[in-house]
Amino acid sequence: MAKSKKLRLSLFLFLLGMLGVLSLLTMDISNSIPDNKLHAFENTPEIIIKLSLLVVPAIVLVFGLLIGIFTYDKSQLKLPLIEGLLFRKKIETKISEHLIFGITFGIILAGIVILVSFLFEPFMEDFIEKSKEYNVPLQMRLLYGGITEEIMVRFGVMSLVVFILMKITKKESSTVYILGILISAFLFALAHFPSLYAIESEPSAALLAFVIIGNMIAGIFFGWLYWKKSLTASMIAHMFFHITVVCLTPFITS
């Protein structure tokens, strides 16, 4: 791909990813700072604290984006809808196909993760009570989770892992992509540990296992969609996963 096109793609994905980063401003700052450190920010304006919380996600976004830009096409991974929009390229598959796959996989994934949470529920009652205080806004779930995390993890990390595996094995095979999906899904699960420790300072083994298993399942779903369909499909699935969970939660907890 020409440098001018890569630059345009980079700028587009950066602006898209920054929507998610900026959505962090809608979060209650008390959810982001441990209770024992809140006193250190007593005299600091809330907007300053919120803006400071954007720095690390913005840096991670840029790193993930740069990694993805240089590896996704070499890994034979796809951005058909985005490239079609930016470069007026012919889109081989129908847009509705990506939408249908994304919505369907997102809803199915939500059902699976909810079922898994039922299995672990007896071991994490304290965590469930504490997590009720951490009300993550829907717009943050959709924009940061659905868009920014997909750019960071699928477009960035998964593209890089597949690229490295191709270099090692010197071939393009299903095994390479499956390993890429599994490794990036595991790293995706580990990336949720800071949020876990913000809620529960001493999580049990069962709680750690739930976070790893639940997020790995999600990462596998999203990774498969990125491989077989498009990054857009994985973004849609991630969004509809959160939408479905938010819609079902009142009925499950009532």
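**Labels and their cut-offs**

Tutor: At 10% relative accessibility, L24 counts as buried. L24 is found in the loop between α1 (3-23) and α2 (46-53). The model is a predicted one, in which local features need pLDDT of at least 70 and side-chain atom pairs count only at pLDDT 80 or more, while totals for chains, interfaces and linings use all residues. Residues are numbered from 1 along each chain as its sequence is written, and side-chain values use heavy atoms, with hydrogens and water left out.

Student: Why does L24 count as buried?

Tutor: Buried means under 20% relative accessible area, exposed means over 50%, and partly exposed lies in between (1.4 Å probe, protein chains only). The value for L24 is 10%, so the residue counts as buried.

Student: What makes K170 exposed, and how is Q76 classed?

Tutor: K170 has a relative accessible area of 73%, which is over 50%, so K170 is exposed. Q76 has 43%, which falls in between, so Q76 counts as partly exposed. K170 is placed in the loop between α7 (138-169) and α8, and Q76 in the loop between α3 (55-71) and α4 (80-87).

Student: Why is the pair of F105 and W224 called stacked?

Tutor: Rings of Phe, Tyr and Trp (its six-membered ring) pair if their centres lie within 6.5 Å; planes under 30 degrees apart count as stacked, over 60 as edge-to-face and the rest as tilted. By this rule there are 8 aromatic pairs. In F105 and W224 the ring centres are 5.3 Å apart and the planes stand at 5°, so the pair is stacked. F105 lies in helix α5 (residues 95-120) and W224 in helix α10 (residues 205-228), so the pair ties together parts that are 119 residues apart in sequence.

Student: What makes D73 and K6 a salt bridge?

Tutor: A salt bridge is a side-chain nitrogen of Lys or Arg within 4 Å of a carboxyl oxygen of Asp or Glu. The closest N and O atoms of D73 and K6 are 3.5 Å apart, so the pair meets the rule. D73 lies in the loop between α3 and α4 and K6 in helix α1, so this bridge ties together parts that are 67 residues apart in sequence.

Student: How far apart are E150 and R154 along their helix?

Tutor: E150 and R154 are 4 residues apart in helix α7, so about one helical turn separates them. Their side chains meet in a salt bridge (2.7 Å, N to O), and both residues are buried.

Student: How do you know that R154 sits over the ring of F188?

Tutor: A charge sits over a ring if NZ of Lys or CZ of Arg is within 6 Å of the ring centre and within 35 degrees of the ring normal. The charged end of R154 sits over the ring of F188, 4.6 Å from its centre.

Methods: Helix = DSSP H or I, 4+ residues; strand = E, 2+ residues; numbered from the N terminus.
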